[in-house]
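Open the model in your viewer and keep the selection tool ready. This tour tells you what to pick next and what you will find there.

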Amino acid sequence: MSATSVQAAEARAKEQVRVAPERRVRLGSALLSLHSVLIFLFLWVPIIIVVFFSFNESQFLAEWTGFSTRWYVEMIEDEQTIVALWNSVFVAVVSTVISVVIGTLAALAMERYQFWGKLGMEGLLYLPIIIPDIAMAIMLLAFFNLSGIGFTPWRLEIAGLRLSVPYSVIIGHVAFNISFVAVVVRARLADMDETLEEAASDLYAGPWQTFTRITLPMMMPGIVAGALLAFTLSLDDFVITFFTSGAGFNTLPVRVFGLVKKGVTPKINAISTVMLAGSLTLVLIALLFQRKGGGTKSIMEINL
Amino acid sequence: MIAALQKHRSLQGGLLILPAALFLLVFFLAPFFIVLGYSFAERGTYGGVVWNFTLENYQRAFDPLYFSTVLRSGWIAALTTLLCLVLGYPLAYFIATRSEKWRGVLLLALIIPFWTNFLIRTYALLTLLRTNTGLINVTLMNLGLIRQPLPLFGNDFAILLGLVYGWLPNMVLPLYAAISRLDHSLIEAAQDLYAPGSKVFLRVIWPLTLPGVVAGSILVFIPALGAFITPALLGGGKSLMIGNIINNQFLAAHDWPFGSALSTIMIGIMLVVTIVYFRMVQKEAT
């Protein structure tokens with residue numbers, strides 16, 4: 001056998017080796033696609049069914065009898081649910097504002113400064129994120145009980161409704177949100193180009209001027225992302241609110257939990273659909289800001 | 001004074017961290033120590049807490065009656081994590097290897113359920129799974145495919161399904177981040193050297209994405225271990241986890257010391273798991 005024919009045979013053999021895996025690869029990628037489609041269906045179908053049946057006329061969830069908005073009417077006429085909605089919004093707004101301020105300052109300190117006790121602070125900032133929420137909830141419950149703060153309410157009136165929101169709930173929400181805001185803002189700070197700040201001070205900008213003109217605007221996408229995350233987490237929270245509010249105080253999730261315990265009705269589907277629409281809006285706002293912020297870290301990657 | 005502040009950066013840093021430090025000391029660390037203290041205290045006759053040192057609460061936690069639930073919770077959480085990993089890894093790989101346009105769409109399809117209220121999603125599952133009135137059983141029975149409703153609700157299966165459903169995005173998102181950071185020239189190099197697909201995965205892709213696997217596993221295991229809503233709604237009051245016992249001790253049985261002991265055990269497991277996992281990553285990285 002001449003050298004060239006050996007080479008040709010080798011080439012042919014190689015080709016055969018390559019063809020077989022290619023077919024396997026194609027099968028593999030088809031399976032991968034199928035798997036992904038099924039998982040997305042698994043994630044989405046239950047949610048879509050809840051929305052679908054919120055427009056069902058029948059009071060039974062499993063049979064469709066016709067289109068109706070009666071459950072939305074029932075929802076609006078249910079004063080406890082409307083109060084719960086306003087409670088949710090109020091707690092979310094107040095706790096977000098407080099935790100954004102405290103969390104942003106903490107992020108600046110952790111990312112740009114050295115100080116005594118920094119390592120301990122690192123741990124203290126991460127713990128509220130990883131601790132199971134039920135553990136944090138009973139810790140707060142025990143604290144409010146022992147300290148005598150109790151469930152003292154903040155009484156106010158919004159849209160003609162009298163609200164009384166326990167301070168303990170707001171404090172609880174701030175306690176877990178500070179950490180989330182700090183993590184998000186820190187990620188942004190770590191990505192930032194420090195030479196711009198150095199350039200500013202080279203051009204004789206004072207520290208305060210450098211901060212307000214350079215650092216703060218550049219931090220803004222992180223702060224907005226942190227605020228949106230805090231706002232969402234606060235709106236979504238059930239466990240901390242449930243344990244730190246005492247009886248009779250509802251946010252929307254607490255109200256939904258109470259209703260589900262009493263029995264499943266399409267009214268719950270209507271409330272759920274409204275909450276879903278709220279979450280969807282927040283995601284879209286977040287994406288909008290993210291795009292404006294120049295495609296930095298995806299909002300999702302901030303989690304750890 | 002401002003001049004003095006500008007000179008001492010460490011003082012500045014201290015001032016910036018002060019609000020967070022104070023807030024978390026008072027409303028996080030102090031509450032933790034109260035619960036830790038409670039766990040060694042006695043229960044009062046009428047449900048209060050009497051500060052007499054005792055180990056009885058921990059002994060009770062290891063009583064088979066409760067400890068079986070503690071073990072089961074750990075088992076369910078571990079199984080949830082494993083299932084999320086097995087289901088989530090291919091999905092994350094799929095998303096990460098699409099074109100940029102598709103990646104955006106698919107990520108959004110993942111993020112929206114993730115940002116959707118956990119309670120609402122659990123409720124959505126409940127409307128499907130319930131034994132006699134759930135959509136799945138009603139549909140199957142109407143179609144004549146089954147005579148008896150399937151046992152989809154009020155058991156460990158329902159809890160497991162609920163936890164996987166609820167926390168799967170927590171697994172997929174860090175995995176996606178890790179996979180999309182992969183250096184493809186390394187995979188190509190392995191393929192050029194005739195490494196079979198399985199070897200490319202085990203020797204190249206898996207080790208390089210391990211940080212994502214670890215992050216995702218922690219983000220699933222910890223909330224699954226502390227699950228309260230899922231077993232409360234899908235366990236049908238029969239199938240319980242530690243979270244439900246803690247809830248009962250605090251809100252129904254008024255045995256705060258025992259509830260505190262269970263919480264302390266839960267926090268302990270969480271700390272150990274987190275530390276072990278992070279050690280593993282560090283070892284793998286060096």
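**Before you start.** This is a predicted model: local features need pLDDT of at least 70, side-chain atom pairs count only at pLDDT 80 or more, and totals for chains, interfaces and linings use all residues. Residues are numbered from 1 along each chain as its sequence is written, while chains are lettered from A and ligands numbered from 1 in the order in which they are written.

**Stop 1: chain A.** Select chain A and colour it by secondary structure. You get eleven helices and two strands. Helices (H or I, at least four residues) and strands (E, at least two) are DSSP runs, numbered from the N terminus. From the N terminus, the order is α-α-α-α-α-β-β-α-α-α-α-α-α. Of the 304 residues in chain A, 40% are buried (20 or more other C-beta atoms within 10 Å of the residue's own, with C-beta atoms placed from the backbone).

**Stop 2: two domains.** Select 1–54 of chain A as domain 1, then 77–303 as domain 2. These bounds come from an automatic or database domain assignment. Five residues of domain 1 and six residues of domain 2 make the contact (C-beta atoms, placed from the backbone, within 7 Å). On the domain 1 side there are four nonpolar residues, one polar and no charged. Ala, Val, Leu, Ile, Met, Phe, Trp, Tyr, Cys and Pro count as nonpolar, Asp, Glu, Lys and Arg as charged, and the others, Gly among them, as polar.

**Stop 3: where the chains meet.** Show both chains. Chain B brings 71 residues to the contact and chain A brings 70 residues. Which element gives the most to the chain B side? H2(B) does, with 21 residues. The chain B side holds 54 nonpolar, 15 polar and two charged residues.

Stop 4: Select H6 (residues 167–191) of chain A and H2 (residues 9–38) of chain B. They pack at about 135°, with axes 10 Å apart. Axes are lines fitted to C-alpha atoms, for helices over the stretch in contact, and angles run from 0 to 180 degrees between N-to-C directions. Show side chains for the contact residues, including Ile171(A), Ile178(A), Phe23(B) and Phe27(B). The contact has ten nonpolar residues, no polar and no charged.

**Stop 5: a pair within chain B.** Select H6 (residues 118–129) and H8 (residues 156–180) of chain B. Their angle is about 140°, with axes 10 Å apart. Among the residues that meet are Phe118(B) and Leu125(B) in H6(B), and Leu161(B) and Tyr165(B) in H8(B).

How values were computed: Contact = placed C-beta atoms within 7 Å. Buried ≥ 20, exposed ≤ 12 C-beta atoms within 10 Å, placed from the backbone.
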